[in-house]
Protein chains: 2
Amino acid sequence: MKRATIGDVAAHAGVSTATVSRVLNGGAVTATTAAKVWAAAAALEYTPNALTKSIFAGRSPTIGVVIRDLSSPFYLDLIRGVDEVATAADSLVMFANTFRDADREVAHVRTMDEHRVRGLIMTTGESADGRTRRMAESGVPCVIVARTVPDPPPGLHSISLNNIEAGRLMGTHLSAYGRTAVGVVTSGRRPSQVERTLGLRLALAERGLPLPPEAVAVADSETEVGAAIDALFARAHERQAPVDAIVCTTGRLTVAVHSALTARGLTVPDDIAFLTMDDFPWATALGITVVAQPSYEMGREAAKLVVERPDESVALVFEPTLIPRTSCGER
Amino acid sequence: MKRATIGDVAAHAGVSTATVSRVLNGGAVTATTAAKVWAAAAALEYTPNALTKSIFAGRSPTIGVVIRDLSSPFYLDLIRGVDEVATAADSLVMFANTFRDADREVAHVRTMDEHRVRGLIMTTGESADGRTRRMAESGVPCVIVARTVPDPPPGLHSISLNNIEAGRLMGTHLSAYGRTAVGVVTSGRRPSQVERTLGLRLALAERGLPLPPEAVAVADSETEVGAAIDALFARAHERQAPVDAIVCTTGRLTVAVHSALTARGLTVPDDIAFLTMDDFPWATALGITVVAQPSYEMGREAAKLVVERPDESVALVFEPTLIPRTSCGER
DNA sequence: GTGAAAGCGCTAACAT
DNA sequence: ATGTTAGCGCTTTCAC
């Protein structure tokens with residue numbers, strides 16, 4: 001069954017397409033004609049073509065979101081925040097997951113650009129930065145999440161966490177509860193990861209506690225966590241400096257690190273303290289102390305940036321919060 | 001900075017727009033002209049307008065997804081599955097969350113329709129069924145997830161779980177581990193919920209175990225869970241039939257029910273067995289036995305239905321799996 | 001192989 | 001208040 005066009009409605013109602021367009025979009029029309037048009041539209045089950053409309057506007061009323069890893073709890077809340085604001089602004093959300101793949105990343109950003117999204121929110125690496133800048137310059141506000149951008153043009157925003165502070169919070173908390181030898185599991189070279197580790201090292205150093213490179217293990221994915229932990233423990237053993245706390249700098253690996261610990265017969269917090277990033281629904285039940293980011297709020301703010309301040313260039317930095325539970329021996 | 005159109009590229013390359021269109025879409029052109037056009041496109045940073053393209057096709061290469069509740073782990077995996085095959089099919093995913101609100105539901109479905117999505121995947125109630133049928137009839141395949149549809153026209157699919165079997169699995173498992181008085185927390189009147197409870201009741205009955213209505217508590221949201229559990233226990237107390245197992249028929253409430261139990265000083269599984277729906281990352285660590293649905297696979301199949309079999313009408317029913325851990329006293 | 005021109009469904013000046 | 005007409009950016013006959 002072919003879809004009715006505005007022309008069909010016009011014919012059915014005995015008016016011109018311009019008139020139909022007017023009643024549909026609230027122009028000046030007689031009540032009588034309006035009624036006729038509405039009747040015709042209903043009879044033909046007319047559904048306006050948003051694509052065609054967007055051609056005129058030059059843009060689609062859609063906000064693009066490119067996420068690197070949908071399995072991370074942080075990103076889930078972020079999306080919910082974006083969706084909330086988008087819906088309120090009569091926007092849709094166009095979504096794509098890059099599965100941590102740089103090629104998919106540039107491809108998805110390009111596709112979003114081709115679809116003329118009104119704005120783009122992305123939590124990705126640098127690979128698509130060239131296009132992002134161009135998009136911003138041509139009037140499509142972009143928001144980079146979880147990373148700051150150097151020298152941003154108008155329209156290019158960034159939203160991130162104060163990662164140094166997140167690390168400091170961890171270090172301070174751990175030392176306050178008597179831990180002196182912390183080991184960290186981090187997912188690697190991304191700025192956020194590096195900064196969190198740095199903040200941790202800073203806070204520890206201020207209290208005379210060391211965090212040597214040997215105490216930092218890198219695990220890129222969940223499957224590498226076990227080996228990373230083992231290597232960490234082995235090095236600690238060599239140095240005769242047994243670790244009494246494990247910090248995980250990414251919420252994505254929380255489950256993996258926690259299971260690795262318990263799988264090795266370690267009891268939290270008696271044998272070892274555990275402190276990780278990003279709050280999650282089960283953290284309370286498990287008594288896991290976390291440093292939380294306001295992920296939902298960050299999603300809302302990201303969307304608000306594209307909706308409300310398209311041609312500024314703001315760098316929003318959110319503050320982390322430590323939520324103490326029992327995994328560091330708090331009670 | 002104004003965006004380059006195909007006309008700009010044509011002018012820059014000294015050819016016609018038709019020729020540009022040909023080289024962009026792989027028509028018959030000389031290598032020389034092709035080179036000129038590509039050079040011009042690159043120089044002008046030309047990005048094709050996917051919106052305009054879609055006008056001709058009559059459809060956008062986009063798959064719409066309307067979800068009732070993004071916070072449920074089931075839906076998250078579903079979306080990842082959809083995204084995966086959509087990407088493989090050069091489609092984008094247009095996403096909207098209804099926050100369990102019927103008005104948002106119809107609004108979002110309409111918007112998806114207006115955007116001429118090539119297909120729609122939705123996990124919603126009946127409120128939008130009228131439009132869904134029409135969409136299917138006009139050539140837009142729709143997939144209803146987590147519910148079956150009566151007398152579907154071609155193009156209207158459904159994907160669901162064998163909920164009766166899910167309930168049976170629970171009943172069988174519980175009775176196998178010696179539980180005789182089960183109480184259930186369910187989120188209400190949705191067919192999936194009712195069927196799971198029914199299956200449970202059936203399996204229990206076959207073993208001579210009752211599941212009276214008083215043993216079923218309804219909690220619509222997380223906040224109502226505490227009260228529902230209290231009422232359940234109170235009724236069991238009156239009937240002098242203390243409950244030795246709690247079943248939760250929706251993954252959405254797993255956390256809430258579990259915490260309600262522990263908050264009341266109950267130890268799982270010693271004081272009470274706990275069995276819930278939908279597997280989740282922490283279930284292993286917590287030792288929670290679940291009846292899992294293949295959510296990721298269901299998302300993939302849903303997307304494949306719209307991509308590969310747009311004008312059939314298939315009702316896919318997936319089988320649940322019980323994943324035994326320790327929350328029912330398994331060891 | 002390439003260009004001119006018509007048209008996709010709709011809006012936005014201009015007319016009337 | 002309503003109709004006519006010219007596009008929006010692109011694809012697609014149909015000539016050449």
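**A protein pair on DNA strand D**

Biologist: By class, which residues make up the surface near DNA strand D?

Modeller: By class, the surface near DNA strand D has 12 nonpolar, 11 polar and 1 charged residues. Please keep in mind that this is a predicted model.

Biologist: Which residues come nearest to DNA strand D?

Modeller: There are 24 residues around DNA strand D, and the nearest of them are A:Ala18, B:Thr5, B:Ile6, B:Ala18 and B:Ser21.

Biologist: And which helices supply at least two residues of that surface?

Modeller: On chain A these are helix H2 (17-25) and helix H4 (50-57), and on chain B they are again helix H2 (17-25) and helix H4 (50-57), each supplying at least two residues of the surface near DNA strand D. The most comes from H2(B), which gives 5 residues to this surface.

Biologist: Let's switch to the chains themselves. How many residues of chain B are in contact with chain A?

Modeller: On chain B 40 residues are in contact, and they meet 40 residues of chain A. Several elements of chain B each supply at least two residues of the side that touches chain A, including H4, helix H5 (73-88), strand E2 (92-97) and helix H6 (102-114). E2(B) gives the most to that side, with 6 residues.

Biologist: What is that side of chain B like by class?

Modeller: The side of chain B that touches chain A has 17 nonpolar, 14 polar and 9 charged residues.

Biologist: In what sense do E2(B) and strand E2 of chain A pair?

Modeller: Strand E2 (residues 92-97) of chain A pairs with E2(B) in the antiparallel sense, over 3 bridges. Within this pairing, A:Met94 has B:Met94 in E2(B) as its bridge partner.

Biologist: What is the order of strands in the sheet?

Modeller: The order is E11(A)-E5(A)-E4(A)-E3(A)-E1(A)-E2(A)-E2(B)-E1(B)-E3(B)-E4(B)-E5(B)-E11(B), which makes an open sheet of 12 strands with mixed pairing. At its edges stand strand E11 (315-318) of chain A and strand E11 (315-318) of chain B, each with a single partner strand, so one side of each is left without a neighbour in the sheet. Direction ignored, neighbouring strands of this sheet are turned by 20° against each other on average.

Biologist: Where does strand E3 of chain A find its parallel partner?

Modeller: Strand E3 (residues 119-123) of chain A pairs in the parallel sense with strand E4 (residues 142-145) of chain A, over 3 bridges, and A:Leu120 has A:Cys142 in E4(A) as its bridge partner.

Biologist: Which strands does helix H5 of chain A touch?

Modeller: Helix H5 (residues 73-88) of chain A packs on the sheet, where it touches strand E1 (62-67), E2, E3 and E4 of chain A as well as E2 of chain B, and its direction makes about 175° with that of E1(A).

Biologist: New topic, helix H9 of chain B. Which of its residues are buried?

Modeller: Helix H9 (residues 191-206) of chain B has 16 residues and reaches 22 Å from its first C-alpha to its last. Among its buried residues are B:Arg196, B:Gly199, B:Leu200 and B:Leu204. The cover over the buried residues of H9(B) includes strand E5 (156-161) and helix H8 (163-176) of chain B. Just after H9(B), B:Gly208 takes a positive phi of about 75°.

Biologist: Last one, where does B:Pro324 lie?

Modeller: B:Pro324 lies in the segment after strand E12 (321-323) of chain B. B:Pro324 counts as partly exposed because 15 C-beta neighbours lie inside 10 Å. Leaving out residues up to four places away in sequence, B:Pro324 touches B:Thr289 and B:Glu330.

Notes. Residues numbered from 1 in each chain as written. Chains lettered and ligands numbered in written order. Predicted model: local features only at pLDDT ≥ 70, side-chain atom pairs only at ≥ 80, totals over all residues. Near = placed C-beta within 6 Å. Helix = DSSP H or I, 4+ residues; strand = E, 2+ residues; numbered from the N terminus. Nonpolar A, V, L, I, M, F, W, Y, C, P; charged D, E, K, R; others polar. Contact = placed C-beta atoms within 7 Å. Pairing = 2+ DSSP bridges. Axes fitted to C-alpha atoms, helices over the stretch in contact; angles between N-to-C directions. Buried ≥ 20, exposed ≤ 12 C-beta atoms within 10 Å, placed from the backbone. Expected span 1.5 Å × (residues − 1).
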